Amino acid sequence: QILEPQDSRVLEKSYTLKDWQGGYESLTQEYDYWIDDIEGEIPPELAGTLFRNGAGLLDINGERLHHPFDGDGMISRITFINGRAHFRNRFVQTPGYLAEQKAGKILYRGVFGTQKSGGWLANIFDFKLKNIANTNVIYWGKKLLALWEAAEPYLLNPQTLETLGNEYFNGVLSKGEAFSAHPRIDPNGTLVNFAIKPGLSTTITIFELNKNGEITSKKNHNVPGFCFIHDFVITENYCIFFQNPVNFNPIPFALGICGAAECIKIQKNQPTKIIIIPRKTQTENVKVLETKAGFIFHHVNAFELENEIIVDSICYESLTEVEPNSDYRKTDFEKNSPPQLWRFNLNLSNNKVQNQLIDPRPTEFPTIHPNYMGKSYRYLYSAAAHQSTVNAPLQAIFKVDLESGTKQLWSAAPRGFVGEPIFVPRANSQQEDDGWIIFVVYNAENHRSEIVILDGQNLEKGRIAKLHLKHHIPYGLHGSFTPE
Ligand code: 3ON
Ligand code: FE
């Protein structure tokens, strides 16, 4: 058999598993310093703060967590001012974090399979949730909030990152009530978020918050069946949810054999239900369309056309299962289905859905210019695999021009591994891609991380600046930039 040069089997791996694993070591120390090891120059007009969240600990005093999504939230804060940058990181001081640090061992089961030592007998019928506040961090209405989708936010001091307690928005949220980690900010100045309360049927709650960080609207919608929905999209008139085709068998979880998320199985042959909820009117107008979409964690964006809604999303053909006795650090990337960019056309006249693969390159953590949220847009940026045809860790930054089909790539391979990029628009910019792409790279060469700044208009001209930190930051999840 003759192999084409593009065939994955003739390409060398762009990474080693050992290098990649280094990014999953805990960071126990909390730092506070001006970054002085800089390549290139920080643009002096770049002013504001990048907040990042993610698991800071992958073990509790040497007892390894079963999955990185179970790790305690640690906030990193990089402030850019007059061409300089300051770094600070601090753990969210949740009661669970404090108790486990004090005890020096795992005291809580994690949603993704972390168990207390002692086997199933030590875990059976323990349904306590540890709010780990590890998924996103946003600055909204003068409040810095650490988010985790299964419980309430934590309020932090934006300067010191000190944990101040839980945020209940003047009592609109109740104790233990969920508030997702994927809010969307409508450029009209409204923050829209949701919460999922899964069960035999699921309640989707939609919140709208004004610029002062007050909840101005909270509405419940019931949908049949179990839902695992991590993200959603908004347009001017709708909130859109993709109900992944999964089923949930809670018995092994109840019996202490595995975590709740390990009991979720994808139903590959079942359709995804697309739930379209009007933002301004009442529940009766909810529309549900069906399509084949695999499994979706993240969406890019959505917008309305006449009688049509376009949604761009990252789809996995199947959900990589977390096995009870497996080690996530030994993942065989090539065996997992790659996350890929798809476009969905939801036709509101005939209720038909068309799907189209935008690009086959494995990619996750999409970002766009914030002014285009929910609106017709042209550019997206994401973290991606170095090679376009092989599923692999995220080592590159990808830019897609959805209008011309042009793509660009900036890669940190072979020893660099990237996290979620954030698009920061240049003040008073006229063009959609006029701004900076800022992200964290884990560099296996020295086991440290770097903050890299790229030019949004041209990734391929190389980094504008690379800020070398004094330590690594474990691979994170989401973050946000605030010009304040
Ligand atoms: O019965 C429910 C089931 C369930 C799964 C109960 C529940 C509400 C407690 C629940 C909880 C869900 C939670 C807590 C989900 C948290 C998700 C999370 C922390 C992260 C998700 C990240 C997603 C992606 C796609 C990350 C990708 C990362 C890379 C490609 C980098 O390696
Ligand atoms: Fe997410």
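A salt bridge is counted where a side-chain nitrogen of Lys or Arg lies within 4 Å of a carboxyl oxygen of Asp or Glu. The model examined here is predicted, so that local features need pLDDT of at least 70 and side-chain atom pairs count only at pLDDT 80 or more, while totals for chains, interfaces and linings use all residues. Residues are numbered from 1 along each chain as its sequence is written, ligands are numbered from 1 in the order in which they are written, and side-chain values use heavy atoms, with hydrogens and water left out.

Across the whole structure, 28 salt bridges are found. One of them joins Asp401 to Arg378, with an N to O distance of 2.8 Å. Asp401 belongs to strand β28 (residues 396-401), and Arg378 to the loop between β26 (363-367) and β27 (379-384), 23 residues apart; strands are DSSP runs of E of at least two residues, and helices are runs of H or I of at least four, both numbered from the N terminus. Asp401 is buried at 7% relative accessibility, whereas Arg378 is partly exposed at 26%. Here buried means under 20% relative accessible area, exposed over 50% and partly exposed in between, with a 1.4 Å probe and protein chains only.

A salt bridge also forms between Asp32 and Arg88, whose closest N and O atoms are 2.8 Å apart. Because Asp32 lies in strand β1 (residues 32-34) and Arg88 in strand β7 (residues 84-91), this pair ties together parts that are 56 residues apart in sequence. Asp32 is partly exposed at 47%, and Arg88 is buried at 17%. Asp231 and Arg184 meet in a further salt bridge at 3.0 Å, N to O, and both residues are buried. A network of salt bridges links Arg64, Asp327, Arg329 and Lys330.

The iron ion (ligand 2) is coordinated by NE2 of His182, His230, His298 and His478 at 2.0 to 2.1 Å. Donors are N, O and S atoms within 2.8 Å of the metal (3.2 Å for Na, K and Ca); water is not among the atoms, so sites may look incomplete. The donors follow the spacing H-x47-H-x67-H-x179-H along the chain. His298 lies in strand β22 (residues 295-305) and His478 in the loop between β34 (465-468) and β35 (479-482), so this pair ties together parts 180 residues apart in sequence. His298 is buried, with a relative accessible area of 7%, and His478 is buried, with 3%.
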